[in-house]
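Please brief me on this chain.

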Amino acid sequence: MLITAAAIFVLSLAFCFWIIRPAQTNTVEIVQDGTTLYRFDLNNTENQQIEISYNGKVNTVLIENGKICITNADCPDNTCVHMGWLTAEGLPIVCLPNRLVIQYIQSGEADAAG
């Protein structure tokens, strides 16, 4: 029984490391309500600001020095703004009221996008 518990522990630990591994790509996508609006390779994208509207509300997305974040949002709690810069090992930036997600995509997805 001890060997089984140890095996389960080791497999669980390996699974956790697999889940939180760094992104293998520097390609991000901005998705709103299930539709991909933008896809960027942050290594090759110039600094820019993008305004994304949803039902009259606006999110301001900033790409700067190979990083991306939401700097302003017309939503009640501004959780997406407080999430800061998107990191490879972190969670996606999400604005639930405006149905917006900014996330790294896996290398296979980035290759398929061309």
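Among contacts (heavy atoms within 4.5 Å) between residues at least 6 apart in sequence, 35% join residues at least 24 apart. The model is predicted: local features need pLDDT of at least 70, side-chain atom pairs count only at pLDDT 80 or more, and totals for chains, interfaces and linings use all residues. Residues are numbered from 1 along each chain as its sequence is written, and side-chain values use heavy atoms, with hydrogens and water left out.

**Overall make-up**
- The chain has three helices and seven strands. Both are DSSP runs numbered from the N terminus: helices are H or I with at least four residues, strands are E with at least two.
- Along the sequence the pattern reads α-β-β-β-β-β-α-β-β-α.
- Of the 114 residues in the chain, 30% are buried. Buried means under 20% relative accessible area, exposed over 50%, and partly exposed in between (1.4 Å probe, protein chains only).
- The chain exposes about 7400 Å², and carbon and sulfur atoms supply 57% of that area. Accessible areas come from the Shrake-Rupley method with a 1.4 Å probe; for residues, only the protein chains shown count as cover.

**The sheet**
- Three strands form an open antiparallel sheet in the order β3-β4-β5. Strands pair if DSSP finds at least two bridges between them.
- β3 and β5 stand at the edges with a single partner strand each, so one side of each lacks a neighbour in the sheet.
- From one strand to the next, the twist averages 25°. Axes are lines fitted to C-alpha atoms, for helices over the stretch in contact, and angles run from 0 to 180 degrees between N-to-C directions.
- Seven bridges link β3 and β4. Glutamine 48 stands opposite isoleucine 63 in β4.
- Six bridges join β4 (residues 57-64) to β5 (residues 67-73). Asparagine 59 has alanine 73 in β5 as its bridge partner.
- β4 and β5 form a hairpin with two residues between them. In the turn, asparagine 65 has a positive phi of about 50°.

**Loop and surface**
- Asparagine 55 sits in the loop between β3 (48-54) and β4. Asparagine 55 is exposed, at 67% relative accessible area.
- Asparagine 55 and asparagine 98 are 43 residues apart in sequence and 7.9 Å apart in space, C-alpha to C-alpha.
- Phe9, Val10 and Leu13 form a nonpolar surface patch, with about 300 Å² of accessible area together.
- Leucine 13 belongs to helix α1 (residues 2-19). Leucine 13 is partly exposed, at 38% relative accessible area.

Technical notes:
Patch = residues over 30% accessible without salt bridge, like charges linked within 9 Å, V, L, I, M, F, W, Y side chains within 5 Å. Salt bridge = Lys/Arg side-chain N within 4 Å of Asp/Glu carboxyl O.
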